[in-house]
Amino acid sequence: MRKVLCLSLIAMLAVSLTAALAAPVNTRIKDLAKVQGVRSNQLVGYGLVVGLAGTGDSDKAEYTIQSIASMLKSFGITAPMDNLRPKNMAAVMITAELPPFAKPGDTIDIAVSSIGDAKSLQGGTLLQAPLKAANGQVYAVAQGALSIGGFSVSGGGSRTQKNFPTVGSVPSGAIVEQEVPNQIGANGTIALSLRQPDFTTANRIAEAVESRFGPISQARDPGTVAVTIPNYYQQNVVGFVAALEELYVRPDSVAKVVINERTGTVVMGSHVAVSEVAVAQGSLNVRIVNRPEVSQPAPFSDGETVVTEQQQITVSDKPASFIVLPSTANVGDVVNALNAVGATSRDVIAILQAMKAAGALHAEIQIM
């Protein structure tokens, strides 16, 4: 049954890909490229989580004790480090992503991860902590009650845990304090960066822009298309980018076969072509069976009855299925031909790899 389902799935995939080859799918430029300079920035910070129910760091986490002493000192309280017990606190690292065009006062989500030996951050509250970018500047400040989405309960030598209680999050837990400067089209041009660089796709994007706005675009390289902002859009760059993103282009791609050997999944692009090749597919089975037998001694021989193992080995080699795949540029023909030899999904993987080695499969094979 599993074999039938795999073959059916491959056949359905072939039909869908064949249809896609017959009717190319146009895609918005918005889904193919992005405006250069419009990007998010990663933020990171160090902080303390308080209010834990005895599940915080142990006395071995010296940096946690040092952090507690430094925090108390900032409030004018001096406490000997030897007397501090951090079991209700935990040292954590805070990560966040600052989206483009975030303004001071906006809030962003943060993730909080324990770096010590705390058992759980459940019920904890993150104290105010600055979040820095790679340039060392502070762009946001984080604070708030944690949501960990899991738990850890132990008792009587047994323990039950769900998800990871040492990692939590605070939705809208950080306030943006500084804006990242970003001026799109300041010099009268913008650049579109393709998500998957390709000569043909870049050229088609430039042609689509020219057909809509005139000769204002040029494909610099497979990953970049430069566009000059028309005079009548100089005061409305956002509207111009929105109009660009709504243009439709038929993307191109190289012929590729993606194989996941762990799951037996095979995905072939619509441009996969095959030269004429002969394929033989067979299997060799070896079966070894141990059967206990009783050895009975002859009468009056003073022998003993013993049990022995008799080993039986059976070898079967099924006749190999043999088929000639004709030269074709259709994915459906490839899959139907492989189905004809009774190939399972894993057989298809081995056959495709052998066809690639023989030079008959004109596509790139990517192993996941």
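Guide: Let's start with a rule: two strands pair if DSSP finds at least two bridges between them. This is a predicted model, and its strands form a closed barrel of six, in the order E3-E4-E5-E10-E7-E6, with antiparallel pairing. On average, neighbouring strands of this sheet are turned by 30° against each other, ignoring direction.

Visitor: What makes E7 and E10 a pair?

Guide: Count the bridges. Strand E7 (residues 138–145) and strand E10 (residues 167–176) are joined by three bridges and run antiparallel. Pairing needs at least two, so E7 and E10 qualify.

Visitor: Which strands does helix H3 lie across?

Guide: H3 (residues 62–74) lies across E3 (41–50), E4 (89–98) and E6 (125–132), and runs at about 85° to E3.

Visitor: Why is the contact between Asp-31 and Arg-28 called a salt bridge?

Guide: The cut-off is within 4 Å, from a side-chain nitrogen of Lys or Arg to a carboxyl oxygen of Asp or Glu. For Asp-31 and Arg-28 the closest N and O atoms are 3.3 Å apart, so the pair counts.

Visitor: Why is Arg-28 called partly exposed?

Guide: Buried means under 20% and exposed means over 50%. Arg-28 has 24% relative accessibility, so it falls in between. Asp-31, with a relative accessible area of 42%, is also partly exposed.

Visitor: And what makes Asp-59 and Arg-85 a salt bridge?

Guide: Here the closest N and O atoms are 4.0 Å apart, so with a limit of 4 Å the pair is in. Asp-59 sits in the loop between E3 and H3 and Arg-85 in the loop between H3 and E4, so this pair, 26 residues apart, links distant parts of the chain.

Visitor: What joins Arg-28, Asp-31 and Glu-246 into one network?

Guide: Salt bridges that share partners. The structure holds four salt bridges.

Definitions and conventions: Residues are numbered from 1 along each chain as its sequence is written. This is a predicted model: local features need pLDDT of at least 70, side-chain atom pairs count only at pLDDT 80 or more; totals for chains, interfaces and linings use all residues. Side-chain values use heavy atoms; hydrogens and water are left out. Helices (H or I, at least four residues) and strands (E, at least two) are DSSP runs, numbered from the N terminus. Axes are lines fitted to C-alpha atoms, for helices over the stretch in contact, and angles run from 0 to 180 degrees between N-to-C directions. Contact means heavy atoms within 4.5 Å. Buried means under 20% relative accessible area, exposed over 50%, partly exposed in between (1.4 Å probe, protein chains only).
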